[in-house]
Amino acid sequence: MLLTLLLILADIPQALFSSFCSKEVVDSVYNECRIEAESEFGKDAAVGTDYLMADWAYRVSLLDLAEHCLDKALDSDVSDMVLRADCLSLASAVARLRGNLPSAIGYAEECLAIDRENGDEANISSSLNNIAGLYMTYGDVATARKYIDEALEIEERLGRSAYLAIRYGVAAEIYLHQGHHTEALEFVDKALRLDSLDNRVGKIAVRRSQKAEVLMDMGRDDEALTELQTAVPVFREMNNLNSLAISLAQMGEILMRKGQISQSSAAFLESIEVCIESGNKYIESRNRNGMWQLYREQNADMALEHLERYVELQSVLNSDKASEQMQAFNVKYETLKKEQTIVLQKQRLLWAGILVVLLVILLVLAVTVVVLKIRSAKETKKKNAQLVKANIDKDRLLALIRNNVPKEASREIEDIADVEVTMPKIQLTPRELQIAELCATGMINKEIALRLGISQRTVEVHKNNIFKKLGINNTVELMRYMQMRFADKQ
């Protein structure tokens, strides 16, 4: 295993190590990345190792090493498309710092396409943020704002504090380049507040550097210098070379405006040294421009030397090829957005159609229920009318029985008894039958209880059981049932 590891590490050229990071440190980090990748990426562990190593190298500003590892990762077959998208995103960020905008655009385009296909909003947000940075580097801030606004919309919905702070930071830079100082300051203060709440020390220093940029553009140099003096020591301690280069360039510009030539020159030259070490052509061009302005009246030869290098870097950063790719990429983005809009509209129409069908079904069901209720009400009304008539007849029968007038009423009793009524033939218990027969003679509950030597409550319980079995509701119906039962026996 150790031999294998040494062979793997031997792939990293010695030239990629710098005074900022020894080979021993790189070897140790690479081993840690390999172990993490084996547990996280499975069969894509080799690519995952290169990606994690590149990510670490990028964070410590070893851009050559990051680029080397990313080239290996992107040249390898990988089944995990999310991992490939992560490699592309990082490769785009590295290429941007190296001033290779055509490559940065190509990586960003492929990365966003994968993220869109996967439908992962978090990754889409990261890709949009990266692309916004590319357009800002190129100088097309209007297009950059379009991308960062979409990324902000996604992150505010997702509510991821750390990533939202990053989006706010990029938005601050873009809005600043558009001249919207108030909005830019609001964005950077939001980002600073989010990072401060989670005590992200490195990010807090980055926000201070971004805030200094806004304050400088507003003419508040003293406040900006205070922010930078707080941030620079953090960048030195954390070996964040890119942010250190930016902050030193900012300090150089402020000191130049204050007329402090030697201090300004020292800041610019240190920033240039860091840029060369990290390969950051974008910030180097800013420093070269600063040195040219600083010495153009005092030392023409030195000023010209920096101006020539500045022009050289700008030609790389703003190449015709980059311009063509940026325009082509923007066209693809707009086309994709239109296609997504069409898809969303179709989906909305589909759901609207489904909703209409459901509403029609519900309406039909509601009408059916109403019709059934009306019919049921009519049937119930009809049955109630019949029941009222039957009850009247039964009451007459009960009255005749109670008055004990068999001769005069015999004919009427026979007429009422002859009314055809279908009653359920249910088997009653001996006690229930005994109570039913006594009820048929006109005896009330109290009289039945005395006759049988039981409680009145027991009589009521038996009667209720009889009612349930026969499906009747009162004593009159029970009397009629018993009359019919008696007639059937005869």
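Axes here are lines fitted to C-alpha atoms, for helices over the stretch in contact, and the angles between them run from 0 to 180 degrees between N-to-C directions. With that in hand, welcome to this predicted model. Two packed helices are described by the angle between their axes and the distance between the axes.

**Helices α2 and α3**
- Helix α2 covers residues 23-40 and helix α3 covers residues 45-59; their axes come within 8 Å and cross at roughly 135°.
- The α2 and α3 crossing is right-handed.
- On the α2 side, the residues in contact are V25, V26, V29, Y30, C33, R34, E36, A37 and E38.
- Their partners in α3 are A45, G48, T49, D50, L52, M53 and W56.

**Helices α6 and α7**
- Helix α6 (residues 101-118) packs against helix α7 (residues 121-138) at an angle of about 155°, and their axes are 9 Å apart.
- At this angle, α6 and α7 are therefore roughly antiparallel to each other.
- Their crossing is left-handed.
- From α6, the contact draws on L101, A104, I105, A108, C111, L112, D115 and R116.
- From α7, it draws on N123, I124, S127, L128, N130, I131, L134, T137 and Y138.

**Helices α20 and α21**
- The axes of helix α20 (residues 445-452) and helix α21 (residues 456-470) come within 8 Å, crossing at roughly 110°.
- So α20 and α21 are roughly perpendicular to each other.
- Here N445, K446, I448 and A449 of α20 meet Q456, V459, E460 and K463 of α21.

- About 1,000 Å² of nonpolar surface patch is made by L350, W351, I354, L355, V357, L358, L359, I361, L362 and L365.
- One of these residues, L359, lies in helix α17, which spans residues 320-403.

Terms used: Residues numbered from 1 in each chain as written. Predicted model: local features only at pLDDT ≥ 70, side-chain atom pairs only at ≥ 80, totals over all residues. Heavy atoms only, no water. Patch = residues over 30% accessible without salt bridge, like charges linked within 9 Å, V, L, I, M, F, W, Y side chains within 5 Å. Areas by Shrake-Rupley, 256 points an atom, 1.4 Å probe, with all protein chains shown as cover. Salt bridge = Lys/Arg side-chain N within 4 Å of Asp/Glu carboxyl O. Helix = DSSP H or I, 4+ residues; strand = E, 2+ residues; numbered from the N terminus. Left-handed = near helix turned anticlockwise from the far one by under 90°. Contact = heavy atoms within 4.5 Å. Parallel < 35°, antiparallel > 145°, perpendicular 65-115°, else oblique.
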